[in-house]
Amino acid sequence: MTNPDLTITEVRLTPILISDPPLLNTQGVHQPYTPRLVVEVVTADGVTGIGETYGDTKYLDLAHPLADALPGHSVADLNGLFILAGQVCGDPAGTSDSVDVGGLRGVQTADKLRLSVISGFEVACLDALGKSLGLPVHALLGGKVRDSVEYSAYLFYRWAEHPAGQEPKDDWGAAVDPAGVVEQARRFARDYGFTSFKLKGGVFPPDEEIAAIRALAEAFPGQPLRLDPNGAWSVETSLYVAEQLGDALEYLEDPTSSTARMAEVAAGTEVPLATNMCVTTFPEIAEAFTKGAVQVVLSDHHYWGGLRNTRELAAICRTFGVGLSMHSNTHLGISLAAMTHVAATVPNLDYACDSHYPWQTEDIITIPHTFTDGRLTVSDAPGLGIELDRVALRALHQRWLEDDGTMRDRDDAAAMRKADPDWVTPAVPRW
Ligand code: GKR
Ligand code: MG
């Protein structure tokens, strides 16, 4: 038997625009289309591995030099991938390591953007390596400790349609009050079998969101519930919400922004606090853990720099007795496969993971993922266990090519201005 030739001979980058419903958050509303980047690495043996990451311009600017530099390296040299990225990816225009541009994913530094880009390449390399060796990605990460991974329903306040009659449309209808949220949750439970529910908050005044959680608690007695206003509340408001909902919540997610404020909230409530905003990189861990600011870290393999870093984060959380689960942004099936593989290998996966996936009506893999009883089965097929649908990929790339530039960079505030021309991103804390 000859050894596979793992040398990378070609890297393909395909930016795409994927349709997205009018989901509301504290900064605005999702645009009708949102960018993603598909990364393909091809080995000398003709094996292709695939990865997916953010596709906004600032990520593409980092991905291109890395794609140019990668041929000649081995798909197995993942440490080398990080070294190479450090050498060839400069800082994207308008950022530096010290700049905080804020947003829904916490402080966004040039370093974090680089890690998000690397994650797409790392997943593609692992997929190619697994396919070359005949092993699933979870085996390359040490092996699965569970056969399926649990996900939670990700509930959003939303409009029935995008403003100004923009396409695309769907049949979910509006959810702007407790009854609408419960109806949405019932559909998630019926169609996907989810048994835990997360509501994206920070959209309406806190008392309205408290009422929505109470309505969910009544509709789904004893089932895990979470509320995530993306840091929109003051310390006082966070403590008020925690007091009102203490018995109903599994955890409160990023009630307020900054580690210092999260620590103040944590000191005043028994409700566990989770975050995907104040602990998003390794350097942020020490302060947050020593101050007791967070009890659950919601990892995201994109901005933590891939699947192996996610496992390193899991080990640190384990050491400090901090819980771990997974955060999600709008994504497609390649990223969901990657999340599922790494989640399968983490012993201390303490809560059902988030995923936007049910909101996406299109995908670029041949067989879309199916949730059963709120879970995804962990694939034992080589690599990620999925195949790229090249026809779909071409169509979504064509959409990106034809876009006039307005959707190529996610901008929830701009989308909101289509409905409310005076909208400005609210200052924090909003309430
Ligand atoms: O998709 O509107 C959204 C979310 O608010 C997303 O951008 C967040 O990053 O889902 C995320 C979260 O849990 O904070
Ligand atoms: Mg969150």
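These legends accompany close-up views of a predicted model.

**Figure 1. Overall fold of the chain.** The model is predicted. The chain holds 13 helices and 14 strands. Its radius of gyration is 21 Å, close to the 22 Å that the globule rule gives for 431 residues, so the chain is as compact as a globular protein of that length. Along the principal axes, the C-alpha atoms fill a box of roughly 65 × 50 × 45 Å. Of the 431 residues, 49% count as buried. Among contacts with a separation of 6 or more, 74% come from residues 24 or more positions apart.

Figure 2. Domain 1 covers 8-138 + 389-404, and domain 2 covers 142-377. Taken over C-alpha atoms, the domain centres are 23 Å apart. Domain 1 puts 37 residues into the contact, and domain 2 puts in 49 residues.

**Figure 3. The side of domain 1 that touches domain 2.** Which elements give two or more residues to this side? The strands are β1 (8-19), β2 (24-25), β4 (33-43) and β5 (48-54). The helices are α3 (110-133), α4 (137-140) and α12 (390-402). Helix α3 gives the most, with 8 residues. By class, this side of domain 1 has 20 nonpolar, 10 polar and 7 charged residues.

Figure 4. An unreviewed UniProt entry lists residues 178-272 as "domain: Mandelate racemase/muconate lactonizing enzyme C-terminal". The end C-alpha atoms of this span lie 23 Å apart.

**Figure 5. Two cis peptide bonds.** Most peptide bonds are trans. Glu167 and Pro168, however, are joined by a cis peptide bond, with omega about -5 degrees. Pro168 sits in the loop between β7 (153-156) and α5 (178-192). Val428 and Pro429 are also joined by a cis peptide bond, and here too omega is about -5 degrees. Where is Pro429 placed? Pro429 belongs to the segment after α13 (412-417).

Figure 6. Most residues other than glycine have a negative phi. Asp254 is not a glycine, yet its phi is positive, at about 40 degrees. Asp254 is found in the loop between β10 (251-253) and α8 (259-267). Ser258 is found in the loop between β10 and α8. Ser258 is not a glycine either, and its positive phi is about 85 degrees. Is Asp254 buried or exposed? Asp254 has 27 C-beta neighbours inside 10 Å, so it counts as buried, because the cut-off for buried is 20 or more. Ser258 has 16 such neighbours inside 10 Å, so it counts as partly exposed.

Technical notes. Residues numbered from 1 in each chain as written. Chains lettered and ligands numbered in written order. Predicted model: local features only at pLDDT ≥ 70, side-chain atom pairs only at ≥ 80, totals over all residues. Domains from an automatic or database assignment. Contact = placed C-beta atoms within 7 Å. Helix = DSSP H or I, 4+ residues; strand = E, 2+ residues; numbered from the N terminus. Nonpolar A, V, L, I, M, F, W, Y, C, P; charged D, E, K, R; others polar. UniProt positions renumbered as here; feature names shortened; annotations may be inferred. Buried ≥ 20, exposed ≤ 12 C-beta atoms within 10 Å, placed from the backbone. Rg over C-alpha atoms; globule rule 2.2 N^0.38 Å.
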